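Student: I would like a close look at a single part of this structure, starting from one residue and moving on to the parts around the chain. Please take me through it in one connected answer.

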Amino acid sequence: MTMLKPFLVLFSAVALFSQASKPSLPEVLTAHLKNTPRLHVAFTQTRTLAALSRPLKTSGRLVLAREYGVIWQVQKPLNLTYVVGPKGMLEVGPDGKAKLKNAKDVPMVAQMGRILQALLQGRWSALEDFFTLRGEGTSEHWKIFLVPKPQTAAFLKGVQVNGGKFIDRIHVDEPSGDAMDLVFERPRPDEPLSDEEQRLFKFE
Amino acid sequence: MRLRAWLWALALAGMTAFTVWHLVGGKAIQTDLLDMLPDTERNPVAEQAVKALAKTTGERAVFLVRAETPSGSKAAALRLAEGMRQSGAFADVTATLPPIDPAMVGRFYAPYAWRVAPPETGIEASTEALRSQIEARLASPGSFSIVGPGQDPLGNLNAFLSNLPFLSSGVTLEDDLLVIPSAQGLYVMLTGGLRGSAFDPEVQQRTLDATVGAEKALKAEFPGVEILRTGGVFYASDARESAQRETNLISTFSMVCIFILFVAVFRSLRHLLLGALGIAAGFVGATAVCLLIYGKLYLLTIVCGSSVMGVSVDYTVHYFATHLGAGEGWNPFAALKKILPGLWMGLFTTLLGYAALLVAPFPGLRQIALFSIVGLIASFFTVLFILPDMLPRPMPPQPRFMRAQRWILDWGIRLSQTRRAHLIILLLVLLTGLCLVRLRVDDAVQGLILPSRTLRAQEARISELTGFSNSGIFLLVQGASEAEVLTREEALLDRLNKLPKTSTHQSFQAISTFVPSPARQQENLHRHSALAPFLPLALKAVGFKAEVTASLMKGLTDSLDRPLSVATWLETPFAAPYRRLWLGTASGGTASVVFPMGSPDSKELEASVQGLPGVSLVDKARSVSNLLGHYRHIATWSLIGAILLVWILLAVAYGLRIGTIILLPSLGGILLALAGLALAGIPLTLFSTLALILVLGYGVDYPIFMREGGHEDPTYFIGVQVASLCTLISFGMLAFSHTPALQGFGLAVALGVLASTLLSILALAPKPKVSA
């Protein structure tokens, strides 16, 4: 997760402090995302890396709860869980060992949950200082293009998000030519949080 | 006029010309507080570090700009930078920064990856464990890292890079501007480099004018904009301005009061002008000699010095009083001869008080002492050489005034000889003594400077926002070589990072964070080498190409004899903000500095670094405070010594009994001064202790003169009254100074002089023998 930090630092500040002005086209198109209090969804991540002879596939599930945060659970090829909440981040490794990163020790991590949620909940204005945003389509079938501003360009070349009622797909191009594709499937907006999930969210 | 009168007048004219010529440039005033204080560190490297840091931080001014919207803040900051640049008062104005290119940082560290970044703690040396770490790195959500998986499959280098304190402490980059988000809005940071030293009055004036002008223009253009600023130049110019204001106020007010007094008592323009001559001679003589010896005058000297003239007028006053009392039988030279023994005695005891200050190894105090001594001597010489020639004719008699004075004197003597009066005095002494329990002692150096509230508030806000503190507290790490310094720094950081993270110390800036010690680099290499045999298989299992694996393994071999040195790191552009951390090799050793961010507690820090070799805490403010406390002890003992010395002197001159009685008024003065400080809540400091020494010096004069005059002649009594009133006015004014140290000093002298004047009538209590 530490590898995420340089990328997230860039978002953190503005995500917190930019005020919502009149809704932009991407906001209008994805208004529904914002009003989803809870979402369970399966994902498949495919990374195409120059260093690898074949693309690397991982899959798992994502739990998004507005009042708690995000659970990102990789299930294949190994078990790996990240829980991001207001207090910090919990990382549970393949061996079941939990590593806690306190919000006070690593303030950037504390803001990370809000950023991930901003992305997944379609609160685009929070990202406007780092990307030029462009949207097209209808609220049933939309595409949002995020073109990095100069300070973000060191990490990313471009991001494209597709969706309808929920997010379907996130595609990221890296400057090195590497790419990442995240496909979301089987969204279940009504499913309540399981005991296990509640326990994870309430980590101290 | 006699020859020596001409010679002295000529000398005074010469000194006046010299002083005016020096002061007109405005460069003769030293506002650097550090310069006034003695070296405090036993460690010369620490002293050198303190001075170098003061110089680098002192020569920049920092501004934070906030408008109503983030984009407004940015536009306003750029506009302010433009205005500052156009003024020409700044050598450079930094608003935009080329973004620190993370890719560049990554490229720099990549060849050293195996040395600087430790492997995951406790990782098992097996293909399976390595494979799982690589997969975890690639699977984590959105792991877009600075160094790609091809160069850093395990993610250790990225972990190291993301822990580097670039852009930490609340400051981030946005549109190439340094910005600080806060609950109130977005602040944008600008810095300006001065054209010269922050202590150069010309630089101060130009910088301040340009800043105020640019800020005004900005406020007109962006209503509601908030501008915060800080920097040594603003503090220095504030200190200089307030000292000048105070000096003007004190000298003007005491001058006016003294003139009114002269006019009321002597009723002659000639006396008024001659009185002014005496004061001016003292001031000019003192300034000229100090400038000649030191080249520069400290602010404190000028403020303190402006009060010395109230004392230097004493000798003139006593001579005038004789003139007043002489009537028709006035002979200027015979009169001088008559009062001369008393004047000499008075001068001698006062100078004794000041001479005690001369021996203190404290540049600021020494200059004040020299200034006062020369001023007093110059005034004394003026009385001795010029006054008799200027007052050839007797004064018109003022029988009513003399009768009134005689009546007061008789009444005072009668009163002082009653048993009841003695009882009342005894009771008062006891009461005053009781007040002393409330007396506090405070040696904090902050008493020497009290910058304006707005400046302090702005600095506090800026350091709260940016996390950069200007506390002057840091840790000095010394060693025989670069390797030893870095190793010691790491030991220090290991200990510091175990401290609970409180608001007083959040994090530390240290060079070993960027460049691990050779020992740690070796250890990292060693640990990686232990994992190396399993790595190719793990990489293959995840799907890494064979050539990527080969190049990684070659990197490990190559880095075996490619250590990362501080010199290599310092050459990179991203090291620029951290160059001050490395002091380099000086006087047979190498040294570096570790900075606590936030507002550190120096005592807590000192306790936590106890026992670490080569590490010392440097806190200039605390060292100076300790030193002031040390001198306060010395001054207290000097006071006791001086009392004994004066007592012996008086006993030899007047006999034990009379000598003791002459000493009593000044002891009473010292007591009242202490009680006054206690009641006013002003702590006892080095400066107020020194004031007590002066009280002794002045307080002894009055009974001596009373004694010389005796019961019948009110002339001396008039002299004592006028002289002590002048002292009271000029030192009393110091009590209104904004500088706490001067307040205590002024109040102590004023109260001491008041009490010893009132008590000096006691000296007449035993009738003098006919022979005396």
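Tutor: Start with V50(B), which counts as buried because 21 C-beta neighbours lie inside 10 Å; the cut-off for buried is 20 or more. The model is a predicted one. V50(B) has its place in helix α3 of chain B, which covers residues 44-58. Between V50(B) and L499(B) there are 449 residues along the chain, and their C-alpha atoms are separated by 25 Å.

Chain B has 29 helices and 13 strands. Its radius of gyration is 35 Å, well over the 28 Å that the globule rule gives for 772 residues, so chain B is more spread out than a compact globule. Along the principal axes, the C-alpha atoms of chain B fill a box of roughly 120 × 55 × 45 Å. Of the 772 residues in chain B, 46% count as buried. Among contacts in chain B with a separation of 6 or more, 81% are between residues 24 or more positions apart.

The axes of α10(B) and helix α28 (residues 715-734) of chain B come within 9 Å and cross at roughly 160°. An angle over 145 degrees counts as roughly antiparallel, and therefore α10(B) and α28(B) are roughly antiparallel to each other. The crossing of α10(B) past α28(B) is right-handed. On the α10(B) side, the residues that meet α28(B) include I250(B), F253(B) and L261(B). On the α28(B) side, they include I718(B), L725(B) and M733(B). By class, this contact of α10(B) with α28(B) has 13 nonpolar, 2 polar and no charged residues.

Helix α10(B) also packs with helix α9 (residues 201-221) of chain B, at an angle of about 110° and with the axes 10 Å apart. These two helices, α9(B) and α10(B), are therefore roughly perpendicular to each other. Among the residues that meet are P201(B) and L208(B) in α9(B), and V233(B) and R240(B) in α10(B). The contact of α9(B) with α10(B) divides into 5 nonpolar, 3 polar and 1 charged.

Follow the chain on from α10(B) and you come to R267(B), in the loop between α10 and α11 (269-294) of chain B. R267(B) has phi near 50°, a positive value in a residue other than glycine. Most residues other than glycine have a negative phi. R267(B) is partly exposed, because 14 other C-beta atoms lie within 10 Å.

One further helix pair in chain B is α26 (residues 656-680) and α29 (residues 740-759), whose axes come within 7 Å and cross at roughly 140°. That angle makes α26(B) oblique to α29(B). The crossing of α26(B) past α29(B) is right-handed. The contact is made by residues including L664(B), G668(B) and L672(B) of α26(B), and G744(B), L747(B) and L751(B) of α29(B). By class, the residues of this contact of α26(B) with α29(B) divide into 13 nonpolar, 7 polar and no charged.

R186(A) has phi near 50°, a positive value in a residue other than glycine. R186(A) is found in strand β11 (residues 179-188) of chain A. With 9 C-beta neighbours inside 10 Å, R186(A) counts as exposed.

Definitions and conventions. Residues are numbered from 1 along each chain as its sequence is written. Chains are lettered from A and ligands numbered from 1 in the order in which they are written. This is a predicted model: local features need pLDDT of at least 70, side-chain atom pairs count only at pLDDT 80 or more; totals for chains, interfaces and linings use all residues. Helices (H or I, at least four residues) and strands (E, at least two) are DSSP runs, numbered from the N terminus. The radius of gyration is taken over C-alpha atoms; the globule rule is 2.2 Å times the number of residues to the power 0.38. A residue is buried if 20 or more other C-beta atoms lie within 10 Å of its own, exposed if 12 or fewer, and partly exposed in between; C-beta atoms are placed from the backbone. Two residues are in contact if their C-beta atoms, placed from the backbone, lie within 7 Å. Axes are lines fitted to C-alpha atoms, for helices over the stretch in contact, and angles run from 0 to 180 degrees between N-to-C directions. Angles under 35 degrees count as roughly parallel, over 145 as roughly antiparallel, 65 to 115 as roughly perpendicular and the rest as oblique. A crossing is left-handed if the near helix is turned anticlockwise from the far one by less than a right angle, and right-handed if clockwise. Ala, Val, Leu, Ile, Met, Phe, Trp, Tyr, Cys and Pro count as nonpolar, Asp, Glu, Lys and Arg as charged, and the others, Gly among them, as polar.
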